[in-house]
Amino acid sequence: MAFEDLYQEIILDHYRHPRNFDDLSGVSEQEVYENPTCGDSVKLVVDVDDDGIVQGIRYNSKGCAISVASASLMSERLKGLTVEEALRRVREFVQILRGESKDSSLEDWGDLIALEGVAQYPLRVKCATLAWHALEHALEKAAGSAASGEKS
Ligand code: ZN
């Protein structure tokens, strides 16, 4: 009970004060993902430096508390990782929420644990994973451009 209240608090806090939120005006290349069942939308850009480190995840999201909070929590959690590690985490998170990864939980994911209960509600899983799908695509592009560059 107390934990549920705490998780609710985390989600509402990130919904009201989304971290790394950016209007992305003037950014031509961005991922745009929508979840029509709920009316959520997210635009997202990932900033990767020359060493393949995720320096920042900026997004502009609209929709329900879960979709916005999930994007916010994600942008904090995955910053500073390599593109490969971030991609691995993104896929793991989606698997956990879909219940496809029985052995893992969000226990080691910091405040993202607040979203664990969402796994019980398939429609809400779409809200929670929307920004993650956008990030996955952005990271795949970043990984692809790094691989095609001169990487010795
Ligand atoms: Zn939603």
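Me: Which residues of α2 are called buried?

Reply: They are Ile-66, Ser-67, Val-68, Ala-69, Ser-70, Ala-71, Ser-72, Leu-73, Met-74 and Ser-75. Buried means under 20% relative accessible area, with exposed over 50% and partly exposed in between (1.4 Å probe, protein chains only). This is a predicted model, in which local features need pLDDT of at least 70 and side-chain atom pairs count only at pLDDT 80 or more, while totals for chains, interfaces and linings use all residues. Residues are numbered from 1 along each chain as its sequence is written, and side-chain values use heavy atoms, leaving out hydrogens and water.

Me: What makes α2 largely enclosed?

Reply: Of its 13 residues, 10 are buried, so the rest of the structure encloses most of this helix. Helices here are DSSP runs of H or I with at least four residues, strands are E runs with at least two, and both are numbered from the N terminus.

Me: How do you know that α2 has the expected reach?

Reply: Its first and last C-alpha atoms are 18 Å apart, close to the 18 Å expected. That expectation is 1.5 Å times one less than the number of residues. Helix α3 (residues 83-98) passes the check too: its 16 residues should span 22 Å, and its end C-alpha atoms lie 23 Å apart, which agrees.

Me: What makes the Ser-72 and His-14 pair a polar contact?

Reply: Their side chains are joined at 2.7 Å. The limit is 3.5 Å between N or O atoms; within protein, one must be able to donate a hydrogen and the other to accept it, and residues adjacent in sequence count only if both atoms are side-chain atoms. Beyond its neighbours within four places in sequence, Ser-72 is in contact (heavy atoms within 4.5 Å) with His-14, His-17, Pro-18, Arg-19 and Tyr-59.

Me: Where does the side chain of Ser-67 reach?

Reply: The side chain of Ser-67 comes to 3.0 Å from the backbone oxygen of Cys-64. Ser-67, another residue of α2, is buried, with a relative accessible area of 5%. Its contacts, apart from neighbours within four places in sequence, are Asp-40, Lys-62 and Cys-127.

Me: Why does the pair Cys-64 and Cys-127 tie together parts of the sequence?

Reply: Cys-64 lies in the loop between β3 (54-62) and α2 (65-77), and Cys-127 in helix α4 (residues 122-148), so the pair links parts that are 63 residues apart in sequence. Cys-64 counts as buried at 15% relative accessibility, and Cys-127 is buried with a relative accessible area of 1%.

Me: How do you know that β2 and β3 pair?

Reply: Two strands pair if DSSP finds at least two bridges between them. Strand β2 (residues 40-48) and β3 have eight, in the antiparallel sense. In one of these bridges, Val-46 is partnered by Ile-57 of β3.
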